[in-house]
Amino acid sequence: MQSLIGLVNRIQRACTVLGDHGGEGMSLWEALPSVAVVGGQSSGKSSVLESVVGRDFLPRGSGIVTRRPLVLQLHKTESGQQDYAEFLHAPRKRFTDFASVRKEIADETDRITGKSKQISNIPIHLSIYSPNVVNLTLIDLPGLTKVAVEGQPDSIVEDIENMVRSYVEKPNSIILAISPANQDIATSDAIKLAREVDPSGDRTFGVLTKLDLMDKGTNAVDVLEGRSYRLQHPWVGIVNRSQADINKNVDMMAARRKEREYFQTSPEYGHLAHKMGSEYLAKLLSQHLERVIRQRIPSIISLINKTIDELNAELDRIGRPIAVDSGAQLYTILELCRAFDRVFKEHLDGGRPGGDRIYGVFDHQLPAALKKLPFDRHLSTKNVQRVVSEADGYQPHLIAPEQGYRRLIDGSIGFFKGPAEASVDAVHHVLKELVRKSIAETEELRRFPTLTSDIAAAANEALERFREDSRKTVMRLVDMESSYLTVEFFRKLHLEPEKNPNPAGPNADRYSDNHFRKIGTNVSSYIGMVCDTLKNSIPKAVVYCQVREAKRSLLTHFYAQIGRREKERLGAMLDEDPSLMEKRATIAKRLELYKSARDEIDSVAWK
């Protein structure tokens, strides 16, 4: 069973490397059972830990000494081996001088919190290897306090309590509540907090320190035997080194012997001696921690499997790493282009919104523009007279002003070029917007900003070519209407009987207002016919030259270009956002940790 504690230690260290510190919500670190050491300032908490370890290694002083959680992992070694310590933040350095361990804890605390008296929830991981310890993991938390001292923010009392609470309120946390015997147990900060988060006492171990400092005639038997405050687990009494012993650097092994002698010879506690002392406490916690770990294995495995599925899904969402060979890179680029092309076509075909705006150009914008053309001004009687007269030159027309008709028709048809070009431009802007939206909606492209920019540039370049072809085509349609007039239209006009014919003869009003008004009316009728024709043919030309081509060959030129590119340029196109690459690397590391943890737990859980 001891291998289970060692396994949990390794997983906790790996979690910390990946930024999972515990105390901040459910995670693998949180799912692993551990022992959280809780006590008020001056409760003897540091002395208890040093007694359990058998080494003097913790910083001492007034005020808040522990300002970061200390994850203390104890590893029992073979008898005769030298004690040593290792820090997770200094993995290649082995400490055999425990005074240096104390300094390193203080220095590492200052590295995060500065020289101020601030606190941080980022833990320090310390592993101690010794034949004089049991396999055990303890988390030393900042001491609970009631008032802020100089140099501390006013919120320090609440900040410390919130940090400690975040560790002990987890259902997998074993609470080691340390209280001094020379104070009323009812006022113990540690017991008060433990009662709030563990009212049944199932997770709480009570430790009573400073038994040797109680007033004469008093003892703590009622507390130790569970009559004053009952817990589901036994209370353990501890006798720490005195301040004089600390000042004299009394050896911890000697302090352990002195503690055993105290309980064995005490008239009050002699009958409890076999259940008292730091050595008994360490064994009790180690055995209980092993049992809890074994009980929690099914839920830990369940959490690991659930997290592995979530991490795999997240990797699939942001994309797996790209192969380095040029063939795989080219294949990836083409697949990403096709993904974008599919989204773009869905917009055009109605699977996604946006394509209907093209129809809006033809159904609303083009007819509205045609209605606004200045035919009334161009075909006014006065302007018709001017145009016809200029076309006649020095010789007025004899029967019908054909040159005047042609000039009036050419001038009128020229007005159609504006709406025709505007329709081309409007559809072009719709297509550009659909390209932008399609790129944004193609999730596969998000991890490749360079390729995204290249696709956007290639698509917009193609749209510019399609727009130019479309513009030329609609201009040809307009020019064709000028190049050959529909003769049958004018022949029908000639054959139609005149309403209210002039009795003086046809030549009498050849240069009257009625004559020019009739010419304007005839031209207006012809232009109306041309307008109806162009209203139908311009949309056909625009769709054929722009929309159809965008669907068929938006990235055709781009495909030809990338097919000729060298491997280095292909790789450059697949450059990813550094933050995304960092995120994928983090997920991959977490995934590796969880898979390794699952395999290791499976390998030792049922031995």
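This briefing describes a sheet, a pair of packed helices and several single residues. The structure is a predicted model. Nine strands form an open sheet with mixed pairing, and strand 6 (residues 136-140) is largely enclosed by the rest of the structure, because five of its five residues are buried. Elsewhere, helix 14 (residues 381-392) and helix 19 (residues 513-553) pack at an angle of about 90°.

**The sheet as a whole**

- Strands of a sheet pair through backbone hydrogen bonds, and this pairing is either parallel or antiparallel.
- In this open sheet the nine strands follow the order 4-3-5-2-6-1-7-8-9, and the pairing is mixed.
- Strand 4 (90-95) and strand 9 (236-237) stand at the edges; each has a single partner strand, so one side of each is left without a neighbour in the sheet.
- Helix 6 (residues 189-197) packs on the sheet, where it touches strand 1, strand 7 (173-180) and strand 8.
- The direction of helix 6 makes about 150° with that of strand 7.

- Strand 1 (residues 34-39) pairs with strand 6 in the parallel sense, over three bridges.
- Within strand 6, D140 stands opposite V37, and L138 stands opposite V35.
- Strand 2 (residues 70-76) runs antiparallel to strand 6, and five bridges join the two.
- V71 has I139 of strand 6 as its bridge partner.

**The packing of helix 14 and helix 19**

- Two packed helices are described by the angle between their axes and the distance between the axes.
- For helix 14 and helix 19, the angle is about 90° and the axes are 9 Å apart.
- Angles of 65 to 115 degrees count as roughly perpendicular, and helix 14 and helix 19 are therefore roughly perpendicular to each other.
- Helix 14 contributes T381, V384, Q385 and V388 to the contact, while helix 19 contributes D513, F516, R517, I519 and G520.
- The residues of this contact between helix 14 and helix 19 divide into four nonpolar, three polar and two charged.

**Cysteines**

- A disulfide is a covalent bond between the sulfur atoms of two cysteines.
- The structure holds zero disulfides.
- C337 counts as buried because its relative accessible area is 0%, and buried means under 20%.
- C531 also counts as buried, because its relative accessibility is 12%.

- K210 lies in the loop between strand 8 (204-209) and helix 7 (221-224).
- Although K210 is not a glycine, it has a positive phi of about 60°.
- K210 counts as partly exposed because its relative accessibility is 21%.
- A585 is placed in helix 22 (residues 578-605), and its relative accessibility of 38% is why A585 counts as partly exposed.
- A585 and L315 are 270 residues apart in sequence, and their C-alpha atoms are 9.7 Å apart in space.

Technical notes: Residues numbered from 1 in each chain as written. Predicted model: local features only at pLDDT ≥ 70, side-chain atom pairs only at ≥ 80, totals over all residues. Heavy atoms only, no water. Helix = DSSP H or I, 4+ residues; strand = E, 2+ residues; numbered from the N terminus. Buried < 20%, exposed > 50% of the residue type's maximum accessible area, 1.4 Å probe, protein only. Disulfide = S-S within 2.5 Å. Axes fitted to C-alpha atoms, helices over the stretch in contact; angles between N-to-C directions. Parallel < 35°, antiparallel > 145°, perpendicular 65-115°, else oblique. Contact = heavy atoms within 4.5 Å. Nonpolar A, V, L, I, M, F, W, Y, C, P; charged D, E, K, R; others polar. Pairing = 2+ DSSP bridges.
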